[in-house]
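User: I am new to this structure and would appreciate a close look at a single part of it.

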Amino acid sequence: MMSVIYRKLSQSQILAGGFLLIAVIGGLILNLPISSANNESVGLLNAMFTSISAVCVTGLIAVDTGTYWSLFGKTVIIILIQIGGLGFMTIATMGIKFMGKKISFSERLVIQESLNSGKISGVIRLSKNIVIISFIIELIGMIFLSFVFIPEMGIIKGIAYSIFHSISAFCNAGFDIMGNFSSLVKYYNNMIVNFTIMFLIIFGGLGFSTILDIKDKKNFYKLALHTKIVIITTSLLILIPSIIFFLIEMNNPQTIGEMKLWEKVLVSLFQIVSPRTAGFNTIDINAMRDSSKFLTIILMFIGGSPASTAGGLKTTTFAIILISVISLIKERKNIEAFGRRISYNVLNKALVILVIGFFLVFTGTMIISLTNPQFDFLTILYEVTSAYGTVGLTLGITTKLNAVAKIVLMIIMFSGRVGSLTVLYTFITDLGQKKYIYPKEDIAVG
């Protein structure tokens with residue numbers, strides 16, 4: 001039966017359909033009274049919104065995660081986050097292997113597509129390594145967080161909170177169970193919590209192929225070009241914006257203005273790492289200056305790296321476009337980086353992803369602005385970009401949005417996590433190449 005389905009559907013349709021199916025099942029479960037602390041149904045729309053946000057590892061919430069959901073509901077949410085972070089095909093692959101069944105060639109193609117792997121050989125081993133590495137990193141994060149949470153909350157609750165926030169951070173989900181939409185504000189100057197969460201966010205957003213390449217080669221010069229670009233781009237997108245954020249907010253008494261110097265540095269670093277694409281916050285982001293909000297919007301739009309738990313445009317897409325601009329300015333015939341030439345097909349794909357990303361954000365912002373006129377433009381743009389980048393940061397309007405806006409955000413969250421090209425390809429059945437070439441004619445640009 002499964003082989004028949006795989007033959008009839010494209011890889012993109014299977015990936016998008018799989019994520020959607022898990023989100024629907026999760027939504028139906030969260031809609032049950034047992035999922036809420038007051039034994040009342042949250043409503044199908046809010047349940048679906050929460051489920052899609054969890055599966056798409058976003059973190060935008062219709063109700064407060066810490067106080068509204070029961071233990072059962074919170075368990076469902078963290079399972080959805082783990083599945084969404086690792087990718088349902090990775091989980092399914094391990095399940096099939098555990099049952100001792102053979103994985104067909106068509107199934108391997110889908111796994112290759114889901115992992116963004118350049119070759120089909122070794123995808124099963126890659127899936128296994130992804131699961132092992134993820135659990136090891138999450139376990140390390142849980143241990144460090146427990147040093148803070150156990151003394152504060154007790155053994156059982158402390159361990160539970162450590163597990164939840166470690167998985168949520170590594171999967172770049174941004175869900176927290178601190179209660180009252182507070183996120184990690186009370187831990188703004190706690191070194192263990194801040195650096196553990198940042199460590200988990202960064203590693204989750206690097207991409208599994210990047211982590212494995214670093215693990216295997218351990219030498220920057222021997223790394224694949226993809227890995228080098230991811231490391232350099234990620235580092236620059238943390239360092240430079242952190243300095244900018246610090247300079248903007250250093251005298252803002254509502255954010256970091258009244259803090260000690262080291263606290264200002266720590267908070268600035270955390271608030272720049274989090275939009276890549278986790279969604280935790282240690283200050284009141286509503287109190288940030290508009291310049292800081294716009295800086296965050298840019299970072300949320302760029303997002304993390306391919307084949308990671310993050311969403312957004314992706315660091316490599318951003319880097320390829322930037323490198324191509326530099327090559328054009330220098331009048332080079334080829335796009336080059338680290339002694340390697342990059343195909344123009346890669347640039348074309350990057351530009352398509354950029355255009356689709358702009359379209360989703362602009363269209364979503366326009367629709368929500370029209371249907372929710374009580375909110376200002378920057379606040380809505382912040383919310384929509386957060387959904388596209390699967391970040392989860394919000395200026396506090398998610399719970400106040402109407403049904404139209406929530407449906408729009410659900411579509412954007414889904415596209416941001418599954419991949420805009422993957423979603424687009426699910427609706428395109430004819431990808432055949434033309435057997436002829438039109439005459440070339442230049443047009444004026446710029």
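In which helix is Leu347 found, and what surrounds this residue?

Analyst: The model discussed here is a predicted one. Within it, Leu347 belongs to helix H16, the element that covers residues 344-371. The relative accessible area of Leu347 is 10%, and because buried means under 20%, this residue counts as buried.

The contacts of Leu347 come next. When neighbours within four places in sequence are left aside, Leu347 touches Ile320, Ile321, Ser324 and Ile335. A further relation in space concerns Thr317: this residue and Leu347 are separated by 30 residues in sequence, while their C-alpha atoms are 8.1 Å apart.

Strand E1 comprises residues 335-337, and the loop between strand E1 and strand E2 (340-342) holds Phe338. Phe338 has a relative accessibility of 42%, so it is classed as partly exposed. Its backbone also deserves attention: phi of Phe338 is positive, at about 50°, although the residue is not a glycine. As background, most residues other than glycine have a negative phi.

Another non-glycine residue with a positive phi is Asn180, where the value is near 60°. Asn180 is located in the loop that joins helix H9 (155-170) and helix H10 (191-206). With a relative accessible area of 64%, Asn180 is exposed, because that term applies to values over 50%. In summary, Leu347 is buried, Phe338 is partly exposed, and Asn180 is exposed.

Note on methods
Residues are numbered from 1 along each chain as its sequence is written. This is a predicted model: local features need pLDDT of at least 70, side-chain atom pairs count only at pLDDT 80 or more; totals for chains, interfaces and linings use all residues. Side-chain values use heavy atoms; hydrogens and water are left out. Helices (H or I, at least four residues) and strands (E, at least two) are DSSP runs, numbered from the N terminus. Buried means under 20% relative accessible area, exposed over 50%, partly exposed in between (1.4 Å probe, protein chains only). Contact means heavy atoms within 4.5 Å.
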